Amino acid sequence: MSTLYTELGLAPALNANGRMTALGGSRLSDGVVDAMAEAARSHVVMDELLTAAGRELARAAGTEDACPTTGAAAGIALAVAAVIAGTDPARIEALPDPGDRPHEVVLQKGHAVHFGAPVRQMIALGGGTPVEAGAANRVRRAHLEGAIGPRTAALLYVQSHHAVQKGSLSLAETVAVGRAHGVPVLVDAAAESELRTWTGSGADLVVFSGGKALGGPTSGLVCGPAGLVAACRAQYAGIGRPMKVGKETVLGLVRAVREHEERRGAGDGSAPARERERMARLAARLDGLPGVTARVVRDEAGRDIHRAELTIDPAGAGRDAGALAAELAAGSPPVFLRDHHAATGRLAVDPRPLTPDEEETVARRLTELLSGPGPGHAAADAG
(Lines give C-alpha, C1' and ligand atoms only; values in the text may rest on other atoms or scores of the structure.)
Protein backbone atom coordinates (compact mmCIF):
# COMPACT_ATOMS: atom_id res chain seq x y z
CA MET A 1 0.00 0.00 0.00
CA SER A 2 1.36 3.37 -0.99
CA THR A 3 1.83 5.93 1.76
CA LEU A 4 3.17 9.45 1.77
CA TYR A 5 6.39 8.04 3.22
CA THR A 6 6.85 5.80 0.20
CA GLU A 7 5.86 8.59 -2.18
CA LEU A 8 8.69 10.62 -0.65
CA GLY A 9 11.07 7.72 -1.16
CA LEU A 10 11.25 6.80 2.53
CA ALA A 11 10.99 3.46 4.28
CA PRO A 12 9.29 3.45 7.70
CA ALA A 13 11.90 2.54 10.30
CA LEU A 14 11.76 -0.41 12.65
CA ASN A 15 12.57 1.19 15.99
CA ALA A 16 14.28 -1.01 18.60
CA ASN A 17 16.17 1.98 19.99
CA GLY A 18 13.57 3.62 22.23
CA ARG A 19 11.27 6.61 22.08
CA MET A 20 13.87 8.71 20.34
CA THR A 21 13.43 12.09 18.68
CA ALA A 22 15.64 10.98 15.79
CA LEU A 23 13.13 8.20 15.02
CA GLY A 24 10.00 10.31 15.41
CA GLY A 25 9.33 9.85 19.13
CA SER A 26 6.30 7.70 19.96
CA ARG A 27 3.89 5.61 17.93
CA LEU A 28 0.63 7.50 18.50
CA SER A 29 -2.56 5.84 19.66
CA ASP A 30 -5.77 6.14 17.65
CA GLY A 31 -7.12 8.44 20.35
CA VAL A 32 -4.20 10.83 20.06
CA VAL A 33 -4.41 10.83 16.27
CA ASP A 34 -8.16 11.52 16.46
CA ALA A 35 -7.59 14.44 18.87
CA MET A 36 -5.04 15.97 16.51
CA ALA A 37 -7.39 15.55 13.56
CA GLU A 38 -10.19 17.20 15.58
CA ALA A 39 -7.95 20.21 16.25
CA ALA A 40 -6.96 20.45 12.59
CA ARG A 41 -10.58 20.88 11.46
CA SER A 42 -11.35 24.10 13.32
CA HIS A 43 -9.90 27.34 14.63
CA VAL A 44 -9.37 28.33 18.25
CA VAL A 45 -8.00 31.29 20.21
CA MET A 46 -4.50 30.00 20.91
CA ASP A 47 -3.97 31.89 24.17
CA GLU A 48 -7.17 30.38 25.52
CA LEU A 49 -6.17 26.91 24.34
CA LEU A 50 -2.73 27.14 25.95
CA THR A 51 -4.30 28.25 29.23
CA ALA A 52 -7.02 25.59 29.23
CA ALA A 53 -4.63 22.82 28.19
CA GLY A 54 -2.19 24.00 30.83
CA ARG A 55 -4.84 23.55 33.54
CA GLU A 56 -5.53 20.01 32.35
CA LEU A 57 -1.85 19.08 32.18
CA ALA A 58 -1.23 20.63 35.59
CA ARG A 59 -4.00 18.52 37.10
CA ALA A 60 -2.25 15.39 35.87
CA ALA A 61 1.14 16.62 37.07
CA GLY A 62 -0.11 17.77 40.47
CA THR A 63 1.01 21.38 40.02
CA GLU A 64 -0.74 24.74 39.93
CA ASP A 65 -0.21 25.22 36.21
CA ALA A 66 1.59 23.91 33.13
CA CYS A 67 2.73 25.33 29.81
CA PRO A 68 2.57 23.21 26.63
CA THR A 69 5.71 23.45 24.46
CA THR A 70 7.07 22.08 21.21
CA GLY A 71 9.37 19.76 23.17
CA ALA A 72 11.47 19.38 26.29
CA ALA A 73 14.36 21.33 24.74
CA ALA A 74 12.05 24.29 24.19
CA GLY A 75 10.80 23.82 27.73
CA ILE A 76 14.32 24.26 29.11
CA ALA A 77 14.81 27.49 27.14
CA LEU A 78 11.40 28.83 28.23
CA ALA A 79 12.02 27.91 31.88
CA VAL A 80 15.39 29.67 31.89
CA ALA A 81 13.86 32.72 30.21
CA ALA A 82 11.04 32.73 32.77
CA VAL A 83 13.34 32.91 35.79
CA ILE A 84 15.46 35.62 34.14
CA ALA A 85 12.84 37.89 32.54
CA GLY A 86 9.63 36.98 34.34
CA THR A 87 6.62 38.62 32.70
CA ASP A 88 8.28 41.99 32.03
CA PRO A 89 7.64 42.69 28.30
CA ALA A 90 10.79 44.79 27.88
CA ARG A 91 13.02 42.10 29.40
CA ILE A 92 11.23 39.35 27.45
CA GLU A 93 11.80 41.18 24.17
CA ALA A 94 15.47 41.83 25.03
CA LEU A 95 16.34 38.15 25.50
CA PRO A 96 18.62 36.36 24.99
CA ASP A 97 20.36 39.46 26.35
CA PRO A 98 19.57 39.32 30.09
CA GLY A 99 20.64 42.91 30.73
CA ASP A 100 21.41 43.49 34.39
CA ARG A 101 19.37 40.51 35.59
CA PRO A 102 20.95 37.43 37.28
CA HIS A 103 21.46 35.00 34.42
CA GLU A 104 23.88 32.24 35.41
CA VAL A 105 22.41 28.73 35.43
CA VAL A 106 24.46 26.30 37.52
CA LEU A 107 24.46 22.60 36.65
CA GLN A 108 26.66 19.65 37.48
CA LYS A 109 29.40 19.11 34.91
CA GLY A 110 28.14 15.61 34.19
CA HIS A 111 24.71 17.09 33.40
CA ALA A 112 26.02 19.31 30.59
CA VAL A 113 24.89 16.69 28.08
CA HIS A 114 24.35 16.60 24.34
CA PHE A 115 20.92 15.05 23.73
CA GLY A 116 20.88 15.81 19.99
CA ALA A 117 21.85 19.40 20.80
CA PRO A 118 23.79 20.77 23.79
CA VAL A 119 21.78 21.53 26.90
CA ARG A 120 24.11 24.51 27.33
CA GLN A 121 22.68 25.95 24.12
CA MET A 122 19.11 25.65 25.40
CA ILE A 123 20.20 27.61 28.49
CA ALA A 124 21.77 30.26 26.27
CA LEU A 125 18.64 30.58 24.12
CA GLY A 126 16.74 31.56 27.26
CA GLY A 127 19.30 34.25 28.10
CA GLY A 128 21.25 32.12 30.57
CA THR A 129 24.96 31.54 30.95
CA PRO A 130 25.71 27.93 31.92
CA VAL A 131 28.10 27.43 34.84
CA GLU A 132 29.34 23.87 35.35
CA ALA A 133 30.06 22.69 38.90
CA GLY A 134 32.48 19.95 39.91
CA ALA A 135 33.97 17.27 37.67
CA ALA A 136 32.14 14.97 35.28
CA ASN A 137 32.26 12.03 37.69
CA ARG A 138 32.51 13.79 41.05
CA VAL A 139 30.28 16.59 42.33
CA ARG A 140 29.88 17.48 45.99
CA ARG A 141 27.50 19.93 47.64
CA ALA A 142 30.41 22.32 48.14
CA HIS A 143 31.01 22.36 44.37
CA LEU A 144 27.41 23.37 43.69
CA GLU A 145 27.31 25.93 46.47
CA GLY A 146 30.65 27.38 45.41
CA ALA A 147 29.28 28.05 41.93
CA ILE A 148 26.35 30.11 43.26
CA GLY A 149 26.82 33.86 43.35
CA PRO A 150 24.96 37.15 42.88
CA ARG A 151 24.51 36.47 39.13
CA THR A 152 22.91 33.04 39.67
CA ALA A 153 19.37 32.78 38.28
CA ALA A 154 18.72 29.05 38.75
CA LEU A 155 20.09 25.57 39.28
CA LEU A 156 19.39 23.02 36.54
CA TYR A 157 19.18 19.29 37.24
CA VAL A 158 19.21 16.96 34.21
CA GLN A 159 17.58 13.55 34.68
CA SER A 160 18.77 11.59 31.65
CA HIS A 161 20.52 8.43 30.57
CA HIS A 162 22.94 10.80 28.83
CA ALA A 163 23.99 12.33 32.17
CA VAL A 164 26.88 10.91 34.19
CA GLN A 165 25.31 8.74 36.89
CA LYS A 166 28.46 8.15 38.94
CA GLY A 167 29.47 10.59 41.67
CA SER A 168 26.71 13.14 41.07
CA LEU A 169 24.39 14.91 43.49
CA SER A 170 20.82 13.69 43.72
CA LEU A 171 17.85 15.89 42.91
CA ALA A 172 16.97 16.03 46.62
CA GLU A 173 20.45 17.37 47.38
CA THR A 174 20.19 19.87 44.54
CA VAL A 175 16.82 21.12 45.78
CA ALA A 176 18.25 21.47 49.29
CA VAL A 177 21.07 23.65 47.95
CA GLY A 178 18.59 25.77 46.00
CA ARG A 179 16.40 26.28 49.05
CA ALA A 180 19.38 27.17 51.24
CA HIS A 181 20.48 29.86 48.80
CA GLY A 182 17.08 31.09 47.64
CA VAL A 183 17.72 29.94 44.05
CA PRO A 184 15.00 28.27 41.94
CA VAL A 185 15.63 24.71 40.75
CA LEU A 186 14.73 23.64 37.21
CA VAL A 187 14.53 19.97 36.26
CA ASP A 188 14.87 18.43 32.81
CA ALA A 189 12.90 15.19 33.22
CA ALA A 190 12.27 14.78 29.51
CA ALA A 191 11.98 11.00 29.28
CA GLU A 192 10.26 10.37 32.62
CA SER A 193 6.73 9.03 32.93
CA GLU A 194 5.88 9.49 36.63
CA LEU A 195 4.92 13.16 36.48
CA ARG A 196 4.03 13.61 40.14
CA THR A 197 7.24 11.97 41.35
CA TRP A 198 9.26 14.75 39.75
CA THR A 199 6.91 17.65 40.39
CA GLY A 200 6.71 16.57 44.04
CA SER A 201 10.47 16.76 44.44
CA GLY A 202 10.47 20.37 45.61
CA ALA A 203 11.83 21.66 42.30
CA ASP A 204 10.35 24.92 41.03
CA LEU A 205 9.83 24.03 37.36
CA VAL A 206 9.90 20.54 35.84
CA VAL A 207 10.15 19.95 32.09
CA PHE A 208 8.81 16.79 30.43
CA SER A 209 8.72 15.54 26.86
CA GLY A 210 5.26 14.74 25.57
CA GLY A 211 6.57 12.58 22.74
CA LYS A 212 8.50 10.02 24.78
CA ALA A 213 7.21 8.18 27.85
CA LEU A 214 3.82 9.94 27.70
CA GLY A 215 3.11 8.64 24.20
CA GLY A 216 2.13 11.97 22.65
CA PRO A 217 3.18 13.87 19.55
CA THR A 218 6.48 15.74 19.47
CA SER A 219 5.77 18.17 22.29
CA GLY A 220 6.59 19.03 25.88
CA LEU A 221 5.28 20.66 29.02
CA VAL A 222 6.68 22.80 31.81
CA CYS A 223 5.00 22.26 35.18
CA GLY A 224 5.11 24.34 38.34
CA PRO A 225 3.58 27.19 40.35
CA ALA A 226 1.20 29.57 38.61
CA GLY A 227 3.51 32.58 38.64
CA LEU A 228 6.49 30.84 37.07
CA VAL A 229 4.35 29.02 34.51
CA ALA A 230 2.71 32.33 33.53
CA ALA A 231 6.23 33.63 32.96
CA CYS A 232 6.94 30.61 30.73
CA ARG A 233 3.85 31.35 28.63
CA ALA A 234 4.86 35.01 28.44
CA GLN A 235 8.04 33.98 26.60
CA TYR A 236 5.92 33.15 23.53
CA ALA A 237 6.06 36.91 22.88
CA GLY A 238 9.87 36.65 22.81
CA ILE A 239 12.34 33.81 22.40
CA GLY A 240 9.44 31.34 22.47
CA ARG A 241 7.93 32.70 19.26
CA PRO A 242 9.92 30.35 16.96
CA MET A 243 8.98 27.53 19.36
CA LYS A 244 5.23 28.13 19.20
CA VAL A 245 3.18 24.99 19.57
CA GLY A 246 0.25 24.26 17.22
CA LYS A 247 -3.32 23.48 18.17
CA GLU A 248 -3.04 19.94 16.80
CA THR A 249 -0.02 19.22 18.99
CA VAL A 250 -1.67 20.71 22.08
CA LEU A 251 -4.80 18.56 21.80
CA GLY A 252 -2.70 15.50 20.98
CA LEU A 253 -0.62 16.11 24.10
CA VAL A 254 -3.71 16.53 26.28
CA ARG A 255 -5.20 13.29 24.95
CA ALA A 256 -1.89 11.43 25.44
CA VAL A 257 -1.62 12.57 29.06
CA ARG A 258 -5.23 11.54 29.73
CA GLU A 259 -4.54 8.10 28.26
CA HIS A 260 -1.36 7.87 30.32
CA GLU A 261 -3.41 8.58 33.46
CA GLU A 262 -6.01 6.01 32.44
CA ARG A 263 -3.32 3.33 32.06
CA ARG A 264 -1.96 4.20 35.49
CA GLY A 265 -5.46 4.21 36.98
CA ALA A 266 -6.20 0.81 35.47
CA GLY A 267 -3.21 -0.60 37.31
CA ASP A 268 -1.07 -1.21 34.25
CA GLY A 269 1.95 -1.56 36.51
CA SER A 270 2.56 -4.99 35.04
CA ALA A 271 3.75 -3.53 31.73
CA PRO A 272 7.42 -3.30 32.83
CA ALA A 273 7.29 -6.92 34.05
CA ARG A 274 5.83 -8.07 30.73
CA GLU A 275 8.51 -6.15 28.83
CA ARG A 276 11.21 -7.71 30.99
CA GLU A 277 9.85 -11.19 30.23
CA ARG A 278 9.81 -10.39 26.50
CA MET A 279 13.41 -9.26 26.61
CA ALA A 280 14.43 -12.33 28.62
CA ARG A 281 12.99 -14.55 25.89
CA LEU A 282 14.67 -12.50 23.18
CA ALA A 283 18.03 -12.53 24.98
CA ALA A 284 17.84 -16.31 25.36
CA ARG A 285 17.14 -16.61 21.64
CA LEU A 286 20.02 -14.34 20.59
CA ASP A 287 22.58 -15.51 23.14
CA GLY A 288 25.01 -17.82 21.41
CA LEU A 289 24.70 -16.33 17.93
CA PRO A 290 28.22 -15.98 16.54
CA GLY A 291 29.98 -13.31 18.57
CA VAL A 292 26.95 -12.44 20.71
CA THR A 293 26.44 -12.64 24.45
CA ALA A 294 22.95 -11.51 25.43
CA ARG A 295 21.37 -10.63 28.78
CA VAL A 296 18.64 -8.42 30.21
CA VAL A 297 19.70 -5.09 31.73
CA ARG A 298 17.80 -2.32 33.46
CA ASP A 299 17.86 1.27 32.20
CA GLU A 300 21.03 3.03 33.33
CA ALA A 301 19.10 6.11 34.50
CA GLY A 302 16.99 4.06 36.92
CA ARG A 303 13.72 3.92 34.99
CA ASP A 304 11.70 0.70 35.13
CA ILE A 305 12.73 -0.28 31.61
CA HIS A 306 14.45 -3.55 30.78
CA ARG A 307 16.27 -4.18 27.51
CA ALA A 308 18.04 -7.06 25.83
CA GLU A 309 21.71 -6.10 25.79
CA LEU A 310 23.96 -7.66 23.16
CA THR A 311 27.71 -7.68 23.77
CA ILE A 312 29.45 -8.11 20.42
CA ASP A 313 32.76 -9.92 20.06
CA PRO A 314 34.17 -8.71 16.70
CA ALA A 315 36.21 -11.88 16.23
CA GLY A 316 33.13 -14.08 16.43
CA ALA A 317 30.64 -11.71 14.79
CA GLY A 318 32.89 -10.65 11.92
CA ARG A 319 32.27 -6.96 12.68
CA ASP A 320 32.18 -4.72 15.71
CA ALA A 321 29.04 -3.43 17.41
CA GLY A 322 28.98 -0.15 15.47
CA ALA A 323 29.31 -1.90 12.13
CA LEU A 324 26.57 -4.38 13.02
CA ALA A 325 24.22 -1.56 13.98
CA ALA A 326 25.01 0.22 10.72
CA GLU A 327 24.27 -2.94 8.68
CA LEU A 328 20.88 -3.31 10.35
CA ALA A 329 20.06 0.35 9.74
CA ALA A 330 21.03 0.04 6.07
CA GLY A 331 18.80 -3.00 5.46
CA SER A 332 15.18 -3.33 4.41
CA PRO A 333 13.34 -2.51 6.53
CA PRO A 334 15.91 -0.35 8.32
CA VAL A 335 16.30 -1.63 11.89
CA PHE A 336 17.65 0.72 14.55
CA LEU A 337 19.08 -0.82 17.71
CA ARG A 338 20.01 1.19 20.79
CA ASP A 339 23.64 2.03 20.10
CA HIS A 340 24.53 4.45 22.91
CA HIS A 341 27.28 2.08 24.07
CA ALA A 342 28.42 0.75 20.71
CA ALA A 343 31.94 2.07 21.34
CA THR A 344 32.22 -0.36 24.26
CA GLY A 345 30.88 -3.26 22.18
CA ARG A 346 27.28 -3.18 23.44
CA LEU A 347 23.99 -2.80 21.62
CA ALA A 348 20.48 -3.14 23.04
CA VAL A 349 16.90 -3.83 22.03
CA ASP A 350 14.26 -1.62 23.67
CA PRO A 351 10.86 -3.36 23.87
CA ARG A 352 8.65 -0.28 24.21
CA PRO A 353 8.36 0.76 20.54
CA LEU A 354 8.26 -2.79 19.16
CA THR A 355 5.22 -4.78 18.11
CA PRO A 356 5.55 -8.59 18.36
CA ASP A 357 5.98 -8.81 14.57
CA GLU A 358 8.71 -6.18 14.65
CA GLU A 359 10.49 -7.98 17.48
CA GLU A 360 10.45 -11.10 15.35
CA THR A 361 11.96 -9.14 12.46
CA VAL A 362 14.78 -7.89 14.72
CA ALA A 363 15.61 -11.45 15.79
CA ARG A 364 15.44 -12.74 12.22
CA ARG A 365 17.66 -9.98 10.82
CA LEU A 366 20.29 -10.46 13.53
CA THR A 367 20.27 -14.21 12.97
CA GLU A 368 20.65 -13.81 9.21
CA LEU A 369 23.51 -11.31 9.49
CA LEU A 370 25.46 -13.18 12.14
CA SER A 371 24.90 -16.68 10.84
CA GLY A 372 25.85 -15.79 7.25
CA PRO A 373 29.20 -14.66 5.89
CA GLY A 374 30.54 -11.48 7.49
CA PRO A 375 30.75 -8.23 5.52
CA GLY A 376 34.42 -8.72 4.77
CA HIS A 377 34.20 -12.37 3.75
CA ALA A 378 32.76 -11.89 0.28
CA ALA A 379 35.64 -9.68 -0.80
CA ALA A 380 38.14 -12.13 0.63
CA ASP A 381 36.48 -15.05 -1.16
CA ALA A 382 36.46 -13.11 -4.43
CA GLY A 383 40.21 -12.54 -4.10
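What volume does the second largest pocket have? In this predicted model, the second largest pocket has a volume of about 790 Å³.

**View A. Lining of the second largest pocket.** In the predicted model, 47 residues line the second largest pocket. Nearest the centre of this pocket lie R19, M20, T21, F115 and K212. Two or more lining residues come from each of α4 (72–85), α14 and β11 (335–337). Sorted by class, the lining of the second largest pocket comprises 21 nonpolar, 17 polar and nine charged residues.

**View B. Lining of the largest pocket.** The volume of the largest pocket is about 980 Å³. Its lining consists of 38 residues, and those closest to the centre of the pocket are R19, A213, R264, E275 and R352. Helices α9 (195–199), α11 (247–265) and α12 (271–286) each contribute at least two residues to this lining. The class composition of the lining is 14 nonpolar, 10 polar and 14 charged residues. R19 is listed among the residues closest to the centre of the largest pocket and also among those nearest the centre of the second largest pocket.

**View C. Packing of helix α3 against helix α11.** Helix α3 spans residues 46–61, and its axis comes within 10 Å of the axis of α11. The two axes cross at roughly 15 degrees; an angle under 35 degrees counts as roughly parallel, and α3 and α11 are therefore roughly parallel to each other. Their crossing is left-handed. On the α3 side, the contact involves M46, L49, L50, A53, E56, L57, R59 and A60. These residues meet K247, V250, L251, L253, V254, V257, R258 and E261 of α11. The contact of α3 with α11 includes 11 nonpolar and five charged residues, with no polar residue.

**View D. Packing of helix α14 against helix α15.** Helix α14 (residues 321–330) packs on helix α15 (residues 356–371) with the axes 11 Å apart and at an angle of about 120 degrees. That angle makes α14 oblique to α15. The crossing of α14 over α15 is right-handed. Residues L324, E327 and L328 of α14 form the contact with R365, L366, L369 and L370 of α15. By class, the α14 contact with α15 holds five nonpolar and two charged residues, and no polar residue. Helix α14 is also one of the elements that give two or more residues to the lining of the second largest pocket, shown in View A.

How values were computed
Residues are numbered from 1 along each chain as its sequence is written. This is a predicted model: local features need pLDDT of at least 70, side-chain atom pairs count only at pLDDT 80 or more; totals for chains, interfaces and linings use all residues. Side-chain values use heavy atoms; hydrogens and water are left out. Axes are lines fitted to C-alpha atoms, for helices over the stretch in contact, and angles run from 0 to 180 degrees between N-to-C directions. Helices (H or I, at least four residues) and strands (E, at least two) are DSSP runs, numbered from the N terminus. Angles under 35 degrees count as roughly parallel, over 145 as roughly antiparallel, 65 to 115 as roughly perpendicular and the rest as oblique. A crossing is left-handed if the near helix is turned anticlockwise from the far one by less than a right angle, and right-handed if clockwise. Contact means heavy atoms within 4.5 Å. Ala, Val, Leu, Ile, Met, Phe, Trp, Tyr, Cys and Pro count as nonpolar, Asp, Glu, Lys and Arg as charged, and the others, Gly among them, as polar. On a 1 Å grid over the protein atoms alone, a cavity is a set of points where a 1.4 Å probe fits but cannot get out, and a pocket is an open set with protein on both sides within 12 Å along at least five of seven lines; lining residues have an atom within 4 Å of a point. Grid points are joined across faces, edges and corners, and a volume is the space filled by probe spheres set on the points.
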